[in-house]
Amino acid sequence: MLLEVDDLHVHYFTKRGVVRAVEGVSFNLDEAEILGIVGESGSGKSTLGLAIMNLVPSPGRIVSGSIRLNGKEITRMSEKELRRIRGKEVAMVFQDPMTSLDPLMRIGDQIVETILAHEDMTKEEAKRRAMELLEEVGISRDRFNDYPHQLSGGMRQRVMIAMAVSLNPKLIIADEPTTALDVIVQDQIMDLFTELRDEHGVAIILISHDLALELEVSDRIGVMYAGWLMELSKAEDLMKRPLNPYARELLKAIPNVELEDQKLISIPGSPPDLHSPPPGCRFHPRCPDAKPVCSREEPPTKVVDGRLVKCWLYG
Amino acid sequence: MLLEVTDLKKYFPVAKTFIERILTKEERYVRAVDGISFSIEEGEVFSLVGESGSGKTTTGKLVLRLIEPTSGRIVFQGTDITSMSKKEIRPMRRHMQIIYQDPYASLNPRMRVGEAIMDPLLIHRIAQGREAREMVLEMLEKVGLTPPETFFNSYPAYLSGGQRQRVAIARAMITRPKLVVADEPVSMIDVSLRASILDLMMDLRREFGSAYLFITHDLAVAKYISDRIAIMYLGKIVEVGRTRDLFRNPLHPYTKALLSAIPVPTPGRRRERIKLKGEIPSAIDIPTGCRFHTRCPLAFDLCSREEPELMEVEPGHFVACHLHK
């Protein structure tokens, strides 16, 4: 098993109180698997991604639970050990490449620098490797000396992916990597991710608000809501027979261009403020299947047909 | 016809560096909107769909005369508004409203929700005092912000994104406008709530008889609400037709590529796709001939020489492509 996350809790300690951004999340990830993490704003999906890198920003921190990457416990690692692991074993790609790229440095040099920081290579070897990487992500070698502002948004994201794979990590965490891009470019980037998986065996955690995209690309999908993992299923199972009512209602709310005269149904209400989440199940105020118990007690997470589901319907 | 746009253009001059000013006299322009024509009927939902840089947002602003066109003609309810002064156009504003993408930026944080919605009533002298207040409360009820008295007195900061967008819609619709330009009104709204915002806009349209010029990058959203759709690429309309025709029989290679790139909630994925190379070129250096030829998988020699005109291929379905002559 490449990654094992067990009963993870991440809290933010803000002036207004404690925000339980990730609560009791558990899942495993195999090599060469694409796991989708889907959720709306405030679902905790981005915090979960950062936690796996042990990068949760202050005033947040991992309060309990365990994250094992290749059997090594990440939550108890020193900053020095973490630096060695980041990039080499797990790398991250964010929504806005400009926040991660140095605007004053040529893109090729940025990749070379990343490689030299971790690998025992000469500068010439690193440069050769950087050129190969650029080519692999679909950027011509002659752009090696370009600055980030000379590239389009899609190309910048390709550079980020080249940097992420430069140290051959086993796992890439991509947080809304195509949300700022147009659909045609998004499609090209998704091809790139699937290639990395197919040809290099890289596992990918794809974090997105876009359930249609997740269903197309991911092997399994975790559906998050207000800090909880509501369901974890194979993409096919989730599409055909969602177990958790939130997952089911979300599927009714997304358009499918291949259908005629589709009627979309929104979920009434809106996601809760995590400073004061509702008691019991966090989804119960919006849930069409809510029973009395749902407003009183937190539902347990159960295994149903090899799938994880957190809902009193299966309690 | 409610709105008729003919050969509309908007060129933005490109700022030159000092050296460029010395070396060349030639002005360079971003040809954001480069000669487009379309019309919208009363009560119709007409969508402009395109990627970033296609000129769709600029078109929306031009139609409302929020920015000055470089050339072309805009006729609204039979009146040519292309060269009207700000003062002349003011009384028409109640009939042409706009809804923006970002409900966090479009509302004044120091203004109570009720006041924000009442504002257009006062500006256009439609109602005042108690009558205006009654109209606002009724509107709050219509957009689903209940109890209306509570929402009337709240500030935007206490509302969710979805609720704010309902306020923005109420504010735009309270004057019962004939035309509403809606620029990406749901792209910042949570997925679980989008349909309810779209349904609300469609309900109000039915009730008030308003038409929408709906601007979006999302073909799936456009399909859900539009009577007709125009596809824009680099400042031009490349295809336009009834929604059903456009989806059943897309003609332009760009439309086909756009359609095939939309994620469909079907696992296993990776349908047969029309792959395009690269990205949309800069609107400063628009390719010669057909502006799509540099990325078109079906381009032939004519495409780089001659710009194709929009031609009617089936009733009401137009395409600008040399393959369809």
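How many aromatic pairs does a search of the whole structure find over all chains? The search finds 8. The structure is a predicted model.

**Aromatic rings**

- A pair of aromatic rings is described by how far apart the centres are and by the angle of the planes.
- Y225(A) and Y246(A) make a tilted pair, with 4.6 Å from centre to centre and 50° between the planes.
- Y225(A) belongs to strand β9 (residues 220-225) of chain A and Y246(A) to helix α9 (residues 245-253) of chain A, so this pair ties together parts that lie 21 residues apart in sequence.
- Y225(A) and Y246(A) are both buried.
- Together with F283(A), Y225(A) and Y246(A) form one aromatic cluster.
- In chain B, the ring centres of Y11(B) and Y29(B) are 6.1 Å apart and the planes meet at 45°, so this pair is also tilted.
- Y11(B) is in strand β1 (residues 3-13) of chain B and Y29(B) is in strand β2 (residues 29-40) of chain B, so the pair links parts of the chain that are 18 residues apart.
- Y11(B) counts as partly exposed at 23% relative accessibility, and Y29(B) counts as partly exposed at 34%.

**Charges over rings**

- In chain A, the charged end of K310(A) sits over the ring of W228(A), 4.4 Å from the ring centre.
- In chain B, K223(B) lies over the face of F247(B), 4.9 Å from the centre of the ring.

**Cysteines**

- A disulfide is a covalent bond between the sulfur atoms of two cysteines.
- Over all chains, the search of the whole structure finds 0 disulfides.
- C296(B) is in no disulfide, and the nearest cysteine sulfur, that of C321(B), is 6.3 Å away.
- The cut-off for a disulfide is 2.5 Å between the sulfur atoms.
- C296(B) is buried, with a relative accessible area of 16%, and C321(B) is buried, with a relative accessible area of 10%.

**An open sheet in chain A**

- Strands of a sheet pair through backbone hydrogen bonds, either parallel or antiparallel.
- In chain A, 4 strands form an open sheet in the order β2-β1-β4-β5, with antiparallel pairing.
- β2 (17-29) and β5 (72-73) of chain A stand at the edges with a single partner strand each, so each has one side without a neighbour in the sheet.
- Strand β1 (residues 3-14) of chain A pairs with β2(A) in the antiparallel sense over 10 bridges.
- Within β2(A), N28(A) is the bridge partner of E4(A).

**Strand β8 of chain B**

- Of the 6 residues in strand β8 (residues 211-216) of chain B, 6 are buried, so the strand is largely enclosed by the rest of the structure.
- In a regular strand, side chains alternate between the two faces of the sheet.
- Both faces of β8(B) are covered: A211(B), L213(B) and I215(B) are buried on one side, and Y212(B), F214(B) and T216(B) are buried on the other.
- Strand β3 (residues 45-49) of chain B runs parallel to β8(B) and is joined to it by 5 bridges; here F46(B) stands opposite L213(B).
- Strand β7 (residues 179-183) of chain B also pairs with β8(B) in the parallel sense, over 5 bridges; here V180(B) stands opposite Y212(B).

**Contact between the chains**

- Chain A gives 45 residues to the contact and chain B gives 39 residues.
- About 3600 Å² is buried between chain A and chain B, and carbon and sulfur atoms give 53% of this area.
- I184(A), E216(A) and V257(A) supply 22% of the area that chain A buries against chain B, more than any other three residues.

Notes:
Residues numbered from 1 in each chain as written. Chains lettered and ligands numbered in written order. Predicted model: local features only at pLDDT ≥ 70, side-chain atom pairs only at ≥ 80, totals over all residues. Heavy atoms only, no water. Buried < 20%, exposed > 50% of the residue type's maximum accessible area, 1.4 Å probe, protein only. Phe/Tyr/Trp six-rings, centres within 6.5 Å; stacked < 30°, edge-to-face > 60°. Helix = DSSP H or I, 4+ residues; strand = E, 2+ residues; numbered from the N terminus. Lys NZ or Arg CZ within 6 Å of the ring centre and 35° of its normal. Pairing = 2+ DSSP bridges. Contact = heavy atoms within 4.5 Å. Buried area = accessible area lost by both parts, 1.4 Å probe.
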